[in-house]
Amino acid sequence: MAAKSKRQQMVDLAVLAPLDWIDERTAFVRGTKWFLFRNVPRDISWGQTLGSAALTAFIVQTLTGAILALYYKPSAAIDPVTGKPVAYSSIEAITDELTLGWLVRGMHRWGASVFIILLFLHMGRVFLFGAYKYPRELNWITGVLILALGMLMGFTGYLLPWDQTAYWATVVGINLNGTAPFAGPWLAQFLATGPEIGTNTLPLYYGLHMLLLPGALIALIFVHIYLVTRLGVASPPWSTEAAGRERPAAVPPAGTRAGLVRGSGGD
Amino acid sequence: MSDTGHDTPHVPGPSLWPIAFAIGVACLLLGLVISWIVAAVGAAIAVVAGFLWARDVTHDVRGEVPSIEPETRTVGDSASTGAIAAVPVDRPLPAYTRSRFLEASTLGVGAAIGAIVTLPVVGFMVLPAFTDVEEDEADLGPIENFPESEYVIASYLSNPSAGEVTRRTAFVRNNGQTDAGEPSFTILYSRCVHLGCPVQPNGPIDEEARQELENGVELRPVLAQSFGCPCHGGLYDAEGNRQAGPPVRSMDRYTFSIRNGRLVLGELYAVGNVSGTGASAQISRYPWSVPGTHVDGVEAWLYPIVPSQVTG
């Protein structure tokens with residue numbers, strides 16, 4: 001191989017050297033390669049992109065939600081200027097007055113439905129492909145928890161506009177929870193912050209929607225994606241070849257019998 | 001391998017009393033903040049434990065060496081096997097080593113600290129929904145505003161300082177007097193006992209006769225012989241009994257009292273069923289519960305304890 005050109009040497013110096021410096025200390029580059037440069041079955045299709053699509057929708061929700069939080073005010077008190085509740089007035093201001101506020105709020109509002117729909121489509125794909133089977137049971141379990149938290153996000157977020165739809169839909173949602181045996185009435189009273197929705201309910205839902213649920217959701221998504229990366233993408237049920245790269249036939253690692261594992265244990 | 005004298009480092013004898021001593025000191029410091037009794041107990045523990053600790057530590061100085069099995073480990077490093085060859089191989093390993101004790105105590109202390117930090121926070125998050133939730137009585141104004149045998153839609157603020165979010169609506173009917181000569185009112189809570197939507201009276205509302213009283217009270221007479229819920233089609237008769245749709249019990253009612261000729265709403269209660277009408281109605285009364293929950297029959301067993309029975 002010929003000696004490196006001057007240009008190549010400069011690239012090495014400007015780009016690769018700093019990356020090496022970082023990688024030596026953090027394994028960041030190796031980790032990124034481990035995460036991104038994976039073998040996938042030859043016969044995957046658009047169906048396997050639904051999980052990434054759901055993740056993208058979640059990222060959109062995170063960003064638009066963070067921006068909306070800069071202008072939204074979770075208070076049921078009456079705004080002395082508008083004569084309407086503060087929360088509702090702030091939603092009106094976001095929608096009607098702030099530059100492109102209608103767009104950000106619209107993205108957040110419709111993106112919520114998109115996120116839930118994509119979760120269900122992703123779940124259906126995984127179910128129909130049998131991709132929840134060994135060794136991916138924990139992918140399924142964390143996925144179900146993500147779905148449950150996503151629904152809770154929808155429930156808590158729906159109250160925040162503090163209009164009649166939001167109020168009565170939340171009343172019905174709270175009382176639906178209230179009909180659960182034994183714990184139901186206690187759960188309902190917690191969700192309503194008392195026998196009925198009161199002044200504390202809006203801050204509670206805002207806190208759940210803004211901090212607690214997203215934190216749990218992000219943690220679960222990390223676990224979910226780590227497991228996907230570690231175990232690899234499952235082959236479709238009609239596939240004739242094993243998933244991922246081929247391994248020497250002499251020592252098949254556990255789990256490769258039915259082509260279940262990508263084969264690499266993190267190398 | 002016996003102790004050959006003062007050229008080997010002196011190690012005090014093993015003792016658990018420092019833990020008790022630390023607890024005593026912690027108790028003492030806590031007591032300085034809370035109460036002198038706790039401080040006294042803590043001081044006593046610290047003194048006793050400190051004495052016992054000192055006794056343990058000075059054991060070997062005083063001649064009585066405790067018979068403690070020396071700690072041994074198997075060493076995987078082949079280079080050092082010669083050094084430990086003198087140790088008899090058939091001696092049983094100690095069942096509980098110092099490192100395992102330290103590991104367990106670190107985990108235990110960590111768990112205790114975590115619990116001490118977490119539990120009050122969780123309590124702060126959850127408990128306010130269950131404490132001090134009783135609503136004030138609501139004064140609906142003079143009873144002359146409630147004509148006999150007619151329903152009036154009365155809305156009021158259950159907590160005027162909290163504002164409109166506490167606006168409640170009741171359907172009030174003056175039944176005249178019972179056979180015993182007592183005044184009788186039928187006061188239905190507007191929330192549907194299916195899932196809590198706002199029940200509407202089925203009949204024309206006399207907006208002309210609408211009255212606004214002090215404290216946000218609003219009265220509107222209505223000609224209603226039944227009540228319907230717009231959400232899921234629940235239907236109730238004039239006594240609040242379920243006629244159709246998904247509700248699981250009769251409409252909730254208020255207790256009431258009459259003070260200085262004014263109608264005052266008391267607490268809400270759940271109603272299993274009402275037989276009879278008006279002043280002669282027989283009401284099966286239960287403590288209030290969340291909409292959608294049964295208060296009578298077998299299904300009520302699913303809700304053995306509800307918060308309103310505990311916190312009032």
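**A two-chain model, residue by residue**

Me: Which is A:Trp162, buried or exposed, and why?
Reply: A:Trp162 counts as buried because it has 25 C-beta neighbours inside 10 Å. A residue is buried with 20 or more other C-beta atoms within 10 Å of its own, exposed with 12 or fewer, and partly exposed in between, the C-beta atoms being placed from the backbone.

Me: Before we go on, what kind of model is this, and how are the residues numbered?
Reply: It is a predicted model, in which local features need pLDDT of at least 70, side-chain atom pairs count only at pLDDT 80 or more, and totals for chains, interfaces and linings use all residues. Residues are numbered from 1 along each chain as its sequence is written, while chains are lettered from A and ligands numbered from 1 in the order in which they are written.

Me: Back to A:Trp162, then. Where is its place in chain A?
Reply: A:Trp162 lies in the loop between helix 6 and helix 7 of chain A. Helices (H or I, at least four residues) and strands (E, at least two) are DSSP runs, numbered from the N terminus. The phi of A:Trp162 is positive, about 60°, although the residue is not a glycine. Most residues other than glycine have a negative phi, and most peptide bonds are trans.

Me: Which residues is A:Trp162 in contact with, leaving aside its neighbours within four places in sequence?
Reply: Its partners are A:Ala76, A:Pro85, A:Ala87, A:Tyr88, A:Tyr167 and A:Leu202. Two residues are in contact if their C-beta atoms, placed from the backbone, lie within 7 Å.

Me: Which members of the largest nonpolar core touch the most other members?
Reply: They are A:Ala87, A:Trp162, B:Ala170, B:Val172 and B:Ile187, in a core of 67 residues. Strand 12 (residues 262–275) of chain B gives the most to this core, with 6 residues. A nonpolar core is a set of buried Ala, Val, Leu, Ile, Met, Phe, Trp, Tyr and Cys residues joined through C-beta atoms within 7 Å. There is also a second, separate core of 7 residues, including A:Phe115 and A:Leu118.

Me: What does strand 12 of chain B run antiparallel to?
Reply: Strand 12 of chain B is joined to strand 13 (residues 282–287) of chain B by 5 bridges. Two strands pair if DSSP finds at least two bridges between them. B:Ser275 stands opposite B:Gln282 in strand 13. The two strands form a hairpin with 6 residues between them, and B:Gly276 in the turn has a positive phi of about 85°.

Me: And B:Asn260, is that buried or exposed, and why?
Reply: B:Asn260 is exposed because 7 other C-beta atoms lie within 10 Å. B:Asn260 sits in the loop between strand 11 (250–259) and strand 12 of chain B, and its phi is positive, about 55°, although it is not a glycine.

Me: Which peptide bond is cis?
Reply: The bond from A:Tyr134 to A:Pro135 is cis, with omega near 0°. A:Pro135 belongs to the loop between helix 5 (101–128) and helix 6 (137–159) of chain A.

Me: Changing topic: how many residues does each chain bring to the contact?
Reply: Chain A and chain B each bring 25 residues. On the chain A side, helix 7 (164–178) and helix 8 (184–191) are the elements that give two or more residues. That side has 15 nonpolar, 10 polar and no charged residues. Here Ala, Val, Leu, Ile, Met, Phe, Trp, Tyr, Cys and Pro count as nonpolar, Asp, Glu, Lys and Arg as charged, and the others, Gly among them, as polar.

Me: How many helices and strands are in chain B?
Reply: Chain B has 4 helices and 13 strands, and 23% of its 312 residues are buried. An open sheet of 4 strands in chain B has the order 5-8-9-10, with antiparallel pairing. Its edge strands are strand 5 (200–201) and strand 10 (242–244), each pairing on one side only.

Me: What pairs with strand 7 of chain B over 2 bridges?
Reply: Strand 6 (residues 211–212) of chain B does, in the antiparallel sense. B:Gln211 stands opposite B:Leu219 in strand 7. In their hairpin, which has 5 residues between the strands, B:Asn215 takes a positive phi near 60°. Strand 2 (residues 151–157) of chain B also runs antiparallel to strand 7 (residues 218–222), over 5 bridges.

Me: What pLDDT does chain A average?
Reply: Chain A averages 89, and 89% of the residues score at least 70. The pLDDT is the predictor's confidence in each residue, from 0 to 100. It stays under 50 over residues 255–259 of chain A, for which the model has 11 contacts beyond four places in sequence.
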